[in-house]
Amino acid sequence: LLCFEFVSRLALRGKQVKMVRALTDAIDQGRPLVNQMLMGEGKTTVVTPLVALVTATAERACVVCCPAAILEFTRRVLRDRLRAALARPVMGF
């Protein structure tokens, strides 16, 4: 989490850390989990890229679904955050 904060140049809030841990634990255990966050709490810019980064492996892909209205914004944020964290090019398709 500290590395993500550093390369993303942001500070995680306690609620974001709890949500990321809950989601990654649920994914690792293979159980469903739904959470709700209000607008402005970092769903697109913090939680989604961090969960994708932590849970994706060579055997398991992470698929992000979002409304069409924020598709380009989400794509840009994911590309920027993942590129910074992985220090590699990130391609969308």
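In which helix do Glu-72 and Arg-75 lie, and how many residues apart are they? In this predicted model, both residues belong to helix H4, where they are 3 residues apart, or about one turn of the helix. Their side chains meet in a salt bridge, with a distance of 3.1 Å from N to O; Glu-72 is exposed, with a relative accessible area of 52%, whereas Arg-75 is partly exposed, at 31%. In general, an α-helix has 3.6 residues a turn, so residues three or four places apart point the same way.

A further salt bridge joins the side chains of Arg-83 and Asp-80, at 2.7 Å from N to O, and this pair, being 3 residues apart in helix H4, is likewise separated by about one helical turn. Arg-83 counts as partly exposed at 38% relative accessibility, and Asp-80 is also partly exposed, with a relative accessible area of 34%.

The count of salt bridges comes to 4, and among them is the pair formed by Lys-15 and Glu-41, whose closest N and O atoms are 3.2 Å apart. Because Lys-15 lies in helix H2 and Glu-41 in the loop between H2 and H3, this pair ties together parts that are 26 residues apart in sequence. Lys-15 is partly exposed, with a relative accessible area of 45%, while Glu-41 is buried, with a relative accessible area of 17%.

Helix H3, which spans residues 43–55, has buried residues that include Thr-44, Val-46, Val-47, Pro-49 and Leu-50, together with Val-51, Ala-52 and Thr-55. The cover over these buried residues includes helix H1 (2–8), helix H2 (14–29) and helix H4 (71–86).

Terms used: Residues are numbered from 1 along each chain as its sequence is written. This is a predicted model: local features need pLDDT of at least 70, side-chain atom pairs count only at pLDDT 80 or more; totals for chains, interfaces and linings use all residues. Side-chain values use heavy atoms; hydrogens and water are left out. Buried means under 20% relative accessible area, exposed over 50%, partly exposed in between (1.4 Å probe, protein chains only). Helices (H or I, at least four residues) and strands (E, at least two) are DSSP runs, numbered from the N terminus. Contact means heavy atoms within 4.5 Å.
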